[in-house]
Amino acid sequence: MRLIFILPLLITISASGQTIFSGALFPEMAMSYSKNEWMVAMKFQSENRLFDRHLSERWKLNTEQTDFQSFLGYKLSPRVSISLGHQFRFASDKNNSHRSIEQISFVQDGIRIRVGHRIRFDQTYLTNTTLFRYRYRLSLEIPLNGYSLDPTEFYVLFQDEQILSFEANKWDLENRIHGAIGYVFVNSFKLQTGIDYRTDRYFTEGFRHRLWWKSGLFIKL
Amino acid sequence: MKHTFTIMLICVVHLAFTQDGKIEKEQQVESSEVPENAFDIVSKNFPEQKIKWFKELSDKGISFEAKFQNDDHFFSIEFSRDGDLQDTEITVRFDEVHKKVKSNLISYFDENYTKHKILKVQLRFNQPITKVINYWENPLKSTLLPQFEIEYIGKNESKNLWEGEFDSKGNLISKRKVITKSSDTLSY
């Protein structure tokens, strides 16, 4: 938790050096199906860069990468689940890649708030090297009407994720802050839109600020 | 290709909607929208508390619920749409339950599950609020005997989330499996 308060300070310090600022649209769609303790999920997400102050001041929409993820999950208890996943990334620069994902997630139900903890490890297999990442994400889901999130109601979602990465003997840190508003049509169908603010390259050259407008559909079959 | 994707998306969304048509909704409302009788009972008995009113829509019909904190405990008082008192629920810690009842409850869990974890305990009263307040102030002097609504994780072949209703002695009346809400946005 303490890291969440330290990070804005780190951002301010790093922002005074040479920085890169970019903005992007990020549509996503996730579908899941569960039976007893088992669950399968598929997710599609696409990064579409809108502007990049480092490269050009001009606003131009470019699809940089599109990811297809699939997961097989198992519920250890009603609130704890483990998953194994795979991602295939289509990159615009042709550097397509595979990624393996392992995660454990916990959900806590409060009186008015749902708290999610996700610990994830992933390995991205690049042409000459492998990128290892260790991630922790804290999520808070708050219904805007009533004490529980019911169909035809709005909710807000706040997330903060820290990502420690290791590649070719170099460590780095990334932070992702996400704030979104969502609507539950029925229990199995949610629509969500919000802002994702990412900062990275804390320990390497070229500190980056990246801003994403992230919108997604979440469907449970 | 574009059309195929659009048609597939429409089919998936349609499937999601049709398999989940039941709507239960809790909506916060102004106190002016609450039946007068219900508002009077709550405001007279809990004048200091900050009351939040909710209208509940379910397949059973419409009801109104007053929710608030009192003595560091969460109170919920439910009324019919005409303002008749239905029940009062008070969330307590498991260690606050009377020793004898607690022992019966533990026996039930030990006999029926290989492992269990109690998540939420509520005392439930059907009596008038003044009697509930008397009980709350001095349970040992009160003749009221609350029922218990307990949310717990029980493990046998698999771990499930249950909501059990227990009588005042801690004997099971009924139980139902709780369907957990989708946590896709929190986990993926």
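User: Hi! Let's start with chain B. Which domains is chain B divided into?
Analyst: Hi! Chain B splits into domain 1, covering 23–89, and domain 2, covering 93–180. Keep in mind that we are looking at a predicted model.

User: Got it. How many Å separate the centres of those two domains of chain B?
Analyst: Taken over C-alpha atoms, the centres of domain 1 and domain 2 of chain B are 22 Å apart. The contact between them takes seven residues from domain 1 of chain B and 11 residues from domain 2 of chain B.

User: Which elements supply the domain 1 side of that contact?
Analyst: Helix H2 (36–45) and strand E5 of chain B each supply at least two residues of the side of domain 1 that touches domain 2. The largest share comes from E5(B), with four residues. By type, that side of domain 1 of chain B divides into three nonpolar, two polar and two charged residues.

User: Now the sheet in chain B. What order do the strands come in?
Analyst: Nine strands of chain B form an open sheet in the order E1-E2-E3-E4-E5-E6-E7-E8-E9, and the pairing is antiparallel. E1 and strand E9 (172–177) of chain B stand at the edges with a single partner strand each, so one side of each has no neighbour in the sheet. On average, neighbouring strands of this sheet are turned by 25° against each other, direction ignored.

User: Over how many bridges do E6(B) and E7(B) pair?
Analyst: E6(B) and strand E7 (residues 147–155) of chain B pair over nine bridges, in the antiparallel sense. To pick one example, B:His116 has B:Gly154 in E7(B) as its bridge partner.

User: I clicked on B:Arg124. Where is it placed?
Analyst: B:Arg124 is in strand E6 of chain B. B:Arg124 counts as partly exposed because 16 other C-beta atoms lie within 10 Å.

User: Which residues is B:Arg124 in contact with, leaving aside neighbours within four places in sequence?
Analyst: With those set aside, the contacts of B:Arg124 are B:Asp87, B:Glu89, B:Pro146, B:Gln147, B:Phe148 and B:Glu149. As for B:Pro139, it is 15 residues from B:Arg124 in sequence and 14 Å from B:Arg124 in space, C-alpha to C-alpha.

User: Changing topic: helix H4 of chain B. Which residues are buried there?
Analyst: In H4, which covers residues 129–137 of chain B, the residues B:Val132, B:Tyr135 and B:Trp136 are buried. They cover an arc of only 100° around the axis, so they are on the same side of H4(B). On the other side of H4(B), B:Thr130 and B:Glu137 are exposed.

User: And what covers the buried residues of H4(B)?
Analyst: The cover includes strand E5 (85–92) and strand E6 (115–125) of chain B.

User: Okay, chain A now. How many helices and strands does chain A have?
Analyst: Chain A has one helix and 11 strands. Along the sequence the pattern reads α-β-β-β-β-β-β-β-β-β-β-β. Of the 221 residues in chain A, buried residues make up 21%.

User: Is A:Thr152 buried, exposed or partly exposed, and where does it lie?
Analyst: A:Thr152 lies in the loop between strand E7 (130–143) and strand E8 (153–167) of chain A. A:Thr152 is partly exposed, with 13 other C-beta atoms within 10 Å. A:Thr152 also has a positive phi of about 60°, although it is not a glycine.

User: What about A:Asn169, buried or exposed?
Analyst: A:Asn169 counts as exposed, because there are 6 C-beta neighbours inside 10 Å. A:Asn169 lies in the loop between E8 and strand E9 (170–186) of chain A. A:Asn169 has a positive phi of about 65° and is not a glycine.

Key. Residues are numbered from 1 along each chain as its sequence is written. Chains are lettered from A and ligands numbered from 1 in the order in which they are written. This is a predicted model: local features need pLDDT of at least 70, side-chain atom pairs count only at pLDDT 80 or more; totals for chains, interfaces and linings use all residues. A residue is buried if 20 or more other C-beta atoms lie within 10 Å of its own, exposed if 12 or fewer, and partly exposed in between; C-beta atoms are placed from the backbone. The arc is that of the directions from the helix axis to the C-beta atoms. Two residues are in contact if their C-beta atoms, placed from the backbone, lie within 7 Å. Domain bounds come from an automatic or database domain assignment. Ala, Val, Leu, Ile, Met, Phe, Trp, Tyr, Cys and Pro count as nonpolar, Asp, Glu, Lys and Arg as charged, and the others, Gly among them, as polar. Two strands pair if DSSP finds at least two bridges between them. Axes are lines fitted to C-alpha atoms, for helices over the stretch in contact, and angles run from 0 to 180 degrees between N-to-C directions.
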